[in-house]
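Here is a short tour of a protein model for anyone who likes to have the fold in view while reading. Please keep the viewer open as you go.

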Amino acid sequence: MTALNRVPSFMARAGTASALTIAAVGGTIVVPGVAPDASAATLATKALKIAASKQGSPYQWGATGPRRFDCSGLTLYSFKKAGKRLPRTAAQQYNRTRHISARSRRAGDLVFFHSGSYVYHVGIYAGAGKIWHAPKTGDVVRLQKIWTRSVWYGRVS
C-alpha cells in the first residue's frame, strides 16, 4: 500500500501530498524497513478508531466496556480489541508503555495525566492536542483538548 492510499480522500484528489501535510492531518506514511514502528502504528491506529467508536458511552468507575468505561477501562478495551493486552489501571499502563516525549507523540499513543509522580488519568492521543477519553462520573466518552501540561506520553508496542 502506498502512502497516498492512506491519506484522506480530499488530499488524494488534489494530487501528491508532502510528508508534512500528511502528518498534519493525522495520516500515516509507509516507510520500507521500519516494521516495528509500522506494526505499532497499525496497533495504535486500530485502538484509536475503537476508542472513537465508543463516543457517547457513559463513564462508570471500574467499567471496562463494551458499553460503559472509566479512563483506563477505555484504553484497556481499545487496545485489547486491537490485539494488545494492557494492565488495568492508568499507572500500571504507564509503567507498561515506552515513554516518549511530547514532540514524538503520534495519534494512538497514550496520554497520562499526573500530579507529581502520581498518574491519575489516561486517554488516547487523537492528534492536534486532543484525546479520546472517559472523563468522569456523569460524563461520556468523548474527544477533548488536553487541558494541562502535566502529561506524559507512552507508546504501546
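## Overall fold

Please bear in mind that this is a predicted model. The protein chain contains five helices and six strands, and along the sequence they follow the pattern α-α-α-α-α-β-β-β-β-β-β.

Of the 157 residues in the protein chain, 39% are buried. The accessible surface amounts to about 9,000 Å², with 53% of that belonging to carbon and sulfur atoms. If you take the contacts between residues at least 6 apart in sequence, 51% of them join residues at least 24 apart.

## Salt bridges

The whole structure holds three salt bridges. One of them pairs Asp70 with Arg88, whose closest N and O atoms are 2.8 Å apart. Asp70 sits in the loop between α3 (35-53) and α4, while Arg88 sits in the loop between α4 and α5, so this pair ties together parts that are 18 residues apart in sequence. Asp70 is buried, at a relative accessible area of 6%, whereas Arg88 is partly exposed because its relative accessibility is 25% and the buried class is kept for values under 20%.

Asp109 and Arg155 form another salt bridge, again with 2.8 Å between the closest N and O atoms. Here the link runs between distant parts of the chain, 46 residues apart: Asp109 belongs to the loop between β1 (98-100) and β2 (110-115), and Arg155 to strand β6 (residues 151-155). Asp109 is buried at 2% relative accessibility, and Arg155 is buried at 7%. A salt bridge also joins the side chains of Arg142 and Asp139, at 2.9 Å from N to O. Arg142 is partly exposed at 28% relative accessibility, while Asp139 is buried at 15%.

## The second largest pocket

Which residues lie nearest the centre of the second largest pocket? They are Trp61, Asp70, Cys71, Ser72 and Thr89, from a lining of 16 residues.

Three elements, α4 (71-82), α5 (90-96) and β3 (118-127), each give at least two residues to the lining. The largest share, four residues, comes from β3. By residue type, the lining of this pocket is made up of ten nonpolar, four polar and two charged residues.

How values were computed:
Residues numbered from 1 in each chain as written. Predicted model: local features only at pLDDT ≥ 70, side-chain atom pairs only at ≥ 80, totals over all residues. Heavy atoms only, no water. 1 Å grid on protein atoms, 1.4 Å probe; cavity = no way out; pocket = protein on both sides within 12 Å on 5 of 7 lines; lining within 4 Å. Nonpolar A, V, L, I, M, F, W, Y, C, P; charged D, E, K, R; others polar. Buried < 20%, exposed > 50% of the residue type's maximum accessible area, 1.4 Å probe, protein only. Contact = heavy atoms within 4.5 Å. Areas by Shrake-Rupley, 256 points an atom, 1.4 Å probe, with all protein chains shown as cover. Salt bridge = Lys/Arg side-chain N within 4 Å of Asp/Glu carboxyl O.
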